[in-house]
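Subject: Structure for you to look at

Hello,

Here is the structure I promised to send over. Please open it next to this message and follow along.

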Amino acid sequence: MTSDRDDLGREILPIPDRPHVGMVTYDAKDPDTSFPAIEPLRPPSGAPNVLIVLLDDVGFGASSAFGGPVSTPTAERLAANGLKYNRFHTTALCSPTRQALLTGRNHHSVGMGGITEKATSAPGYNSVRPNTAAPLAEILKLNGYSTTQFGKCHEVPAWETSPMGPFHQWPTGSGFEHFYGFIGGETNQWAPSIYCDTVPVEPDRTPEEGYHFTEDMTDRAIEWVRQQKALMADKPFFVYFAPGATHAPHHVPTEWIERYAGRFDGGWDQLREETFARQKAQGVLPPEAELTARPAEIPAWDDMPDNLKGVVARQMEVYAGFLEHTDHNVGRLIDALAELEILDDTLIYYIIGDNGASAEGTIHGTFNEGILLNGASDIETAEFMASRIDQFGTPQAYNHYAVGWAHAMDTPYQWTKQVASHWGGTRNGTIVHWPNGFSSRGEIRSQFHHVIDIAPTALEAARLPEPVSVHGVQQMPLHGVSMTYSFDDAEAPDRR
């Protein structure tokens, strides 16, 4: 079942084994005794590696690759040698976006109308993926890919998240041969709740010894890719790399925070204006675009109490450091692909956010989200937060920034994550990089696309058909459309 055969009937998965046809002898000394070689399953010749990088809670106007104030050199590097999509969309919430991405189907069709923690028995909201919607990882694995996931998994029903499972909706039950990460919406970046496949494991060192989850998962991803290419160089891989960053808590080493010291003292209104100007200069917004007005529910920077401005500015410095630190670690993985000389033959999606920036930090931000969740927000006075200003982002905090920064990170759009009626919740800058797959470099694409379009794009790139049956179960069609038509044609009409 190698890539040179095109008669495998890949529409039905797993591909049925084919019995030997021919004379069978029972004497090893018989000169007519011969048996066919057992050939390993591989996808069609030329199928690329696939790497999907999905960041968490990053608005359209955060990354420097899309005009934002936060330096993201890895995103810029990939964009310079690839394509930037400025009308790419998510669902405005974590679990729905991720399930839609991984299945290629609309989120309500795969039970994920909301986050797993708020599932109900209502159709479309039960958080249970039907077996009629095999994930992309399963399809690729059954066609001969190596598959692995690192980071956040927010698709497991809440009642199945214990170490006893069941595990059929965990990554290793959803097509990934290996998983290293956490289950649920967020985790402490300094002291995460980690699973290796389905087994709980502890970090190998403390924060004081240099531990941080994003760095840990990146180390593991690099190690896995190196091993995979050392042992199965002819076999392409699918890596899903989903950091918990930049979802709260905003945890990052202090040296990354200090890079932004004083950068946000002008406040969020000024920051929106500056970002908007850069976006126009970059061409990610058309010249006639207008900056949306700040909603009345979000206070103007000038109306914030003077004794809080320093603390709130520090919150944004922490967030910016967190995002740049995350991009840096994505860059470490990209560097590993380059060193292995497989970067150009890897289809990379760098999706800068699974939804818009998060407004869950309230008007003033918070030093500890748990205080807010327990209805004790009165504790966090200006004096309380000012006395802890140097602890934001450290293991002593569980912090989130103020809603004004979230709105600024979604420039030029209205609102933020969870407000799906405006682009601030659903439009996320996305970069596609595949030098061996298209010739365009450093260009912008404005075709309207959605996370459900990634699965059909990957299948088309690998020359694999959409399966009609997986494990004996008839499949619902993919709901996405392949984006390959737009790779070398900026003027190609939308296929949505």
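Below is what I found, region by region.

First, a caution: this is a predicted model.

**Strand 10**

I would start here. Strand 10 is mostly covered, with 6 of its 6 residues buried. Thr-346, Ile-348 and Tyr-350 point one way from the strand. Leu-347, Tyr-349 and Ile-351 point the other way. Both sets are buried.

Which strands flank strand 10 in the pairing? Strand 11 (residues 430-433) pairs with strand 10 in the antiparallel sense, over 4 bridges. Leu-51 stands opposite Ile-348. In strand 11, the bridge partner of Ile-348 is His-433.

**Salt bridges**

Side chains of opposite charge can pair when their charged atoms come close. The count for this model comes to 20 salt bridges.

Take Arg-87 and Asp-494. Their side chains meet in a salt bridge, at 3.5 Å from N to O. Arg-87 lies in the loop between strand 3 (83-85) and strand 4 (88-89), and Asp-494 in the segment after strand 15 (473-474), so this pair ties together parts that are 407 residues apart in sequence. Arg-87 has a relative accessibility of 27%, so it counts as partly exposed. Asp-494 is also partly exposed, because its relative accessible area is 35%.

Next, Asp-354 and Arg-98. Are these two residues buried or exposed? Both are buried. Their side chains form a salt bridge at 2.9 Å, N to O. Asp-354 sits in the loop between strand 10 (346-351) and helix 8 (369-373), while Arg-98 belongs to helix 2 (residues 94-103), so the pair links parts 256 residues apart in sequence. The pair also belongs to a network of salt bridges, which links Asp-56, Arg-98, Lys-152 and Asp-354.

Arg-205 is partly exposed, with a relative accessible area of 25%. Asp-204 is exposed, because its relative accessible area of 57% is over the 50% cut-off.

**The largest pocket**

Rolling a probe the size of a water molecule over the atoms shows where empty space is left. How much space lies in the largest pocket? About 420 Å³. The pocket is lined by 19 residues. Closest to its centre are Ile-115, Glu-186, His-247, Glu-360 and Lys-417. Helix 8 gives the most to the lining, with 3 residues.

Val-24, Tyr-26 and Phe-35 make a nonpolar surface patch of about 410 Å². Where is Phe-35 found? Phe-35 is in the loop between strand 1 (12-13) and strand 2 (49-54). Why does Phe-35 count as exposed? Its relative accessibility is 56%, and the cut-off for exposed is over 50%.

**In short**

Strand 10 is buried along its 6 residues. Asp-354 and Arg-98 form a buried salt bridge pair. The largest pocket has 19 lining residues. The nonpolar patch includes Phe-35.

Best wishes

Definitions and conventions. Residues numbered from 1 in each chain as written. Predicted model: local features only at pLDDT ≥ 70, side-chain atom pairs only at ≥ 80, totals over all residues. Heavy atoms only, no water. Patch = residues over 30% accessible without salt bridge, like charges linked within 9 Å, V, L, I, M, F, W, Y side chains within 5 Å. Areas by Shrake-Rupley, 256 points an atom, 1.4 Å probe, with all protein chains shown as cover. Salt bridge = Lys/Arg side-chain N within 4 Å of Asp/Glu carboxyl O. Helix = DSSP H or I, 4+ residues; strand = E, 2+ residues; numbered from the N terminus. Buried < 20%, exposed > 50% of the residue type's maximum accessible area, 1.4 Å probe, protein only. Pairing = 2+ DSSP bridges. 1 Å grid on protein atoms, 1.4 Å probe; cavity = no way out; pocket = protein on both sides within 12 Å on 5 of 7 lines; lining within 4 Å. Points joined across faces, edges and corners; volume = space filled by probe spheres on them.
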